[in-house]
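Reader: I have the sequence and coordinates open. Please take me through the fold and the contacts between the chains.

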There are 4 protein chains.
Amino acid sequence: MAGNSFGQAFRVTTAGESHGPGNVVIVDGCPPGLELSVEDLLVDLDRRKPGQSKIVTQRKESDTPEILAGVFEGRTTGTSIAILVRNEDQRSRDYSDIADLYRPGHADFTFDAKYGVRDYRGGGRSSARETVARVAAGVIAKKLIARAFGGEVLSYVVQVGDLVAQVDPDTVTLDAIERLPDGSPNITRCPDPAVSAQMVELIQAVRKDQDSIGGVAEVVARGVPAGLGEPAFGKLKADLGAALFSLPAVLGVEYGVGFGAARMRGSENNDTFVREGDVTRTRTNRHGGMLGGISSGMPIVLRAVVKPTSSLSREQETVRRDGTSATIATRGRHDPCLLPRFAPMAEAMVAIVLADHWLRHQGQTRAF
Amino acid sequence: MAGNSFGQAFRVTTAGESHGPGNVVIVDGCPPGLELSVEDLLVDLDRRKPGQSKIVTQRKESDTPEILAGVFEGRTTGTSIAILVRNEDQRSRDYSDIADLYRPGHADFTFDAKYGVRDYRGGGRSSARETVARVAAGVIAKKLIARAFGGEVLSYVVQVGDLVAQVDPDTVTLDAIERLPDGSPNITRCPDPAVSAQMVELIQAVRKDQDSIGGVAEVVARGVPAGLGEPAFGKLKADLGAALFSLPAVLGVEYGVGFGAARMRGSENNDTFVREGDVTRTRTNRHGGMLGGISSGMPIVLRAVVKPTSSLSREQETVRRDGTSATIATRGRHDPCLLPRFAPMAEAMVAIVLADHWLRHQGQTRAF
Amino acid sequence: MAGNSFGQAFRVTTAGESHGPGNVVIVDGCPPGLELSVEDLLVDLDRRKPGQSKIVTQRKESDTPEILAGVFEGRTTGTSIAILVRNEDQRSRDYSDIADLYRPGHADFTFDAKYGVRDYRGGGRSSARETVARVAAGVIAKKLIARAFGGEVLSYVVQVGDLVAQVDPDTVTLDAIERLPDGSPNITRCPDPAVSAQMVELIQAVRKDQDSIGGVAEVVARGVPAGLGEPAFGKLKADLGAALFSLPAVLGVEYGVGFGAARMRGSENNDTFVREGDVTRTRTNRHGGMLGGISSGMPIVLRAVVKPTSSLSREQETVRRDGTSATIATRGRHDPCLLPRFAPMAEAMVAIVLADHWLRHQGQTRAF
Amino acid sequence: MAGNSFGQAFRVTTAGESHGPGNVVIVDGCPPGLELSVEDLLVDLDRRKPGQSKIVTQRKESDTPEILAGVFEGRTTGTSIAILVRNEDQRSRDYSDIADLYRPGHADFTFDAKYGVRDYRGGGRSSARETVARVAAGVIAKKLIARAFGGEVLSYVVQVGDLVAQVDPDTVTLDAIERLPDGSPNITRCPDPAVSAQMVELIQAVRKDQDSIGGVAEVVARGVPAGLGEPAFGKLKADLGAALFSLPAVLGVEYGVGFGAARMRGSENNDTFVREGDVTRTRTNRHGGMLGGISSGMPIVLRAVVKPTSSLSREQETVRRDGTSATIATRGRHDPCLLPRFAPMAEAMVAIVLADHWLRHQGQTRAF
């Protein structure tokens, strides 16, 4: 119905398919006066784009955005902002071999069940290609929260297969996510260099095996003031949950101690309030920065599990639209592990939620 | 801003506090002609209400609903439905001892940070008391999906502390959730009788220890046709995630293999499509009933982790509004484990999402 | 679908029928800290209620509201506010004579066409009785805009039949609307005493004639700062238009010179900007306080035409649900002219729009 | 906040300025399977575009749309549709002379008051240029309602200055709106040829006089089934009112007898129900096709008054941003009368509302 919009006060609406002319985003509600340029957008679009390293898809897209509206003389005007990212790598090929096949793990079957028709070229609207529009919107959201309250959102990989990294969300830096100690690109986006190196090996082994592998990304939002989020349905954790679950391949989301809370007692889990100067905070942060669904002023820490890529170059059984049996092997150019490119998508979605709730909060509670 | 509404086509709006006059829900968009009575509402309100067993809070509320609008001659009219559940057990006591204290794990501090004021009686709007309005709306949603597509939503407890039950979501029944094999009430709502008995012991031991304990509830929705949910932000999993995260004390949500996917390979995780008669389905259901965020026709299986109750009768350190140190021990009448009463709340939220998406789906795709 | 809600940041949701238990409103998004009492609500509920004078319906309703949620210690908390106004005058009578009849000018036929069923008692949800919930919400909106920017909304009758009053929207007072110069109630709410007296006579003559009569109400909003409203669809005039058109019996809305603009030239119609001290304003106010759909700081002046009451005690031809011909004469207790009781409804709707847009404006443009 | 979206089930979101790169629209919620091509879009874009006759602005825009998303193999897919119309006639000129001036009747002052900044080139977002995006969306809506229920929306000019045409909304045709009896273009879009000829003369005289002139457009929607629209706030008339008021320069909207109802008695105004075959309808259509805010099955007839163009080539007094006095004469290329190009805009907005309400109606009432 209206499933292609997200947010209330900072409202993001997208359109676009994998192999159509391009992806578009309209951002409504952004305050006036925010500096915004194509260069700003490129920072995260480049982190998201395919072909950036040997462990991601080799599809080539320059992902150059065009700002169509809402920016004048380098600043947002307060009216709706539109950004277009054209698709370039639309190899002219014959899709008839997959047009009638349901790829396991993909949305081919469910799209057909829903609409009776689908753009089968590369997954159409169900392709992760659509996240390019979200990442563009996320850049605006990041700039907004940086200016509004010095907020920062970072996402990084903490698990691939059995490899689990140790990362401190309070201190991790963008630089540690993007670069190894020697200055070379950290292509996994796991800021634990030793584990990152193992992950590279694992991902390459998996790809060689014509297979794929899952993992977990963590997101931390720092500098978020206490008071964002609303009671009942509008809880910050509910909107953050929806934000991350709306990303392709996400099968689970948790914050703070997350699923670990099942085994805990209240006396172990509660964080004690303490006073530091004129600020009330908690001594520990098992609550992940939200209490009653409202931010507490402590870092917000979330994790999302991302399934192994469904496209495999090995042969899989499936059925055709007409119900007959078939086998399928997806040819080339898919990510053997989605996690490295997932980080900027997760950052974008979390930043959008924070921008939205901050504007909502200003509107209601700074009124008089 | 508008955080007290949920859903688009089946839209639920609530108001109410723990110790105010009552809780109200307005349901907008329900189709006309659905049978609805106070008795219908009582089924789930009774499952949610306090005082129903020895392992839940002993607070007494009859939770008798009044249908104020939208029902005529026993059926919904298609106009907005309003239901009021009055609060009864408003013990007249002095709250001045807690009015200025921030209870650890509760929303006292974050409400103050947000609004500068709060109804401190029993948590006010942040109390789980507000879920009484959701459960009433959930009854309507359940009736809608039952009539529309024979849909059924069940929730049950699968873990408390270290005790983990084995339950088959494809075959579990409401009766197994509510009753033990001997016909007596299954007060944990864990449909694995042996584990349920252990859970009762654990919860009682925890309470005796002036402590509380966390756990995990599972929710299964059966009979859901393929095609519900929308691409991009409107994914069914995103709205289900928001629905469960909007409930108090939920720290994590997963579906299908969930966080287990981190360790899996694509070849292990993908479910193979098969044809049975004229229906396309998957041989296994690791995908938890949703692909690309759209229902696949397989059972939808979700899990939510619920933290241990924050209120403890043992003493905890904290601070006052003015920042001075204090200790707090919550007197009486809280649940030592939230899980048993969580099940009907989870069912309600999942049913509301399914009702909403089914109406949205009809509107868009059955148009011509 | 979700037609029973109005507004974005100040969001009003209602339910209730003419002869059901009562009417309910939930107001979401109101800032915390606003004083609100039953007495505040009664001011406008009394102006709206039936039976207040000899020229309105003699149906008796005390219209005593109950605040169910969202107010604590006399002030709003920032969470959703719920108010219930019970119906009292539900004369126990037999409706079978009208259950199958389509009253001319009423919504009986269209409700049946839409829903296949309707609550036929007194019009059910289509009765103007539902405006009691709007007026309650309007009181909150009025208090909000008064505190936020000293805003004031007044509505009054400027035409009944051929009788046209001269009223200056810049200077008219609530007192002049409610009281005649001698202090007695101004039962028409036309603040031109001579014309008001003629209107009383006309309305009484019309009633005697078993007929009804239409008219025009004007609404002025003063003190509204420049800058409320948004480009494109969110224009202030669009939301004000929807607000007034959503009221029963309204067939037209205009602002500023309104339909008179059809005969004007640009050089006659444009208002010249002038500077007074450090304020930019216009010398004249033909633009009715909005330019480009955004408030200009000048008084906002709107007019709505209200059709003659459809219920007539004289006999009218019609058909039954089954298509057979019939005649109908509505027995007793309807307003011969809707205008006197329309004024508080119009004020409520305009105040709600201004409260909504003011919160939206704060949220977006006072961000940094 | 989120003012650049319109509709619930058929949701239109726009962005774009007069002199930026282009205007974009995203349409969300359109059913799958609707044929849509650039040629379809051009029909109405050409009717809206500048430079089409001697009585409209001579600005040149080819207004060629590009479909960026949501259409595959010539049909809508059910996912969001994006259309881009680039701006071409961006004469490179110096705007410094008007950047600091407030043009009388325009939104320059109110945009500055709201945002503190504005794109002053040609009015930026406040320019009627933005309606190009609406007209594109309107084409989709028209196709939807034509296929769904054979619905048709036509708008035409019924008044310019003192010249009033007689047009029968039940029988008027697109051909009569677009062509004179001799086959030549009917450049006023008034389907009364004699009055149309007078209007051409009047508009030319007004232009020669460096002035502009107002008028009234009528819109008729035929074939609309009974049952569209919702009680309370979601009335069809409320959404139609908002739709027309959201268009630039509209100062008033009425339907049916409109403002004429002020002088009428109920016995004159009520339309009698009659039975024709198995259809219930009204003998007359003073109610303009809506009763209780829900469509009755009779033609929906609305009128909107459009003010004289604010831009005048004669000199007008005004002030600058800094408050100093100034004079302004708008150079060239504005419409001396907005009505001829207003017709397609009005059709688009009315069609969008009907498409939206029809989808909403299906969703709720065709559920079971």
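Author: Two residues are in contact if their C-beta atoms, placed from the backbone, lie within 7 Å. The model is a predicted one.

Reader: How many residues of chain B are in contact with chain D?
Author: With that cut-off of 7 Å between C-beta atoms, the contact can be counted on each side. Chain D contributes 18 residues. The number of residues on the side of chain B is 18.

Reader: Which helix of chain B gives the most to the side that touches chain D?
Author: Two helices of chain B, helix 4 (131–149) and helix 9 (339–365), each supply at least two residues of that side. The top contribution is six residues, and it comes from helix 9.

Reader: By class, how many residues on the side of chain B that touches chain D are charged?
Author: That side has eight nonpolar and seven polar residues. The charged residues there number three.

Reader: What relation superposes chain B on chain D?
Author: A rotation of 180° places chain B on chain D with an RMSD of 0.0 Å. The shift along the axis is 0.0 Å.

Reader: In chain B, which residue has the C-alpha nearest the axis?
Author: In chain B, the C-alpha nearest the axis is 1.8 Å from it and belongs to Gly363(B).

Reader: How many residues does the contact between chain A and chain B take from chain A?
Author: Chain B gives 95 residues to this contact. By class, the side of chain B that touches chain A has 37 nonpolar, 39 polar and 19 charged residues. From chain A the contact takes 95 residues.

Reader: What is the bridge partner of Glu254(A) in strand 11 of chain B?
Author: Strand 11 (residues 250–255) of chain A and strand 11 (residues 250–255) of chain B run antiparallel, joined by three bridges. In strand 11 of chain B, Glu254(A) has as its bridge partner Gly252(B).

Reader: What radius of gyration does chain A have?
Author: Chain A has nine helices and 18 strands, and buried residues make up 67% of its 368 residues. Its C-alpha trace spans about 65 × 50 × 45 Å along the principal axes. A compact globule of 368 residues would have a radius of gyration near 21 Å, and chain A agrees because its own value is 21 Å.

How values were computed
Residues are numbered from 1 along each chain as its sequence is written. Chains are lettered from A and ligands numbered from 1 in the order in which they are written. This is a predicted model: local features need pLDDT of at least 70, side-chain atom pairs count only at pLDDT 80 or more; totals for chains, interfaces and linings use all residues. Helices (H or I, at least four residues) and strands (E, at least two) are DSSP runs, numbered from the N terminus. The radius of gyration is taken over C-alpha atoms; the globule rule is 2.2 Å times the number of residues to the power 0.38. A residue is buried if 20 or more other C-beta atoms lie within 10 Å of its own, exposed if 12 or fewer, and partly exposed in between; C-beta atoms are placed from the backbone. Ala, Val, Leu, Ile, Met, Phe, Trp, Tyr, Cys and Pro count as nonpolar, Asp, Glu, Lys and Arg as charged, and the others, Gly among them, as polar. Two strands pair if DSSP finds at least two bridges between them. Copies are superposed by least squares on the C-alpha atoms of residues with pLDDT of at least 70 in both.
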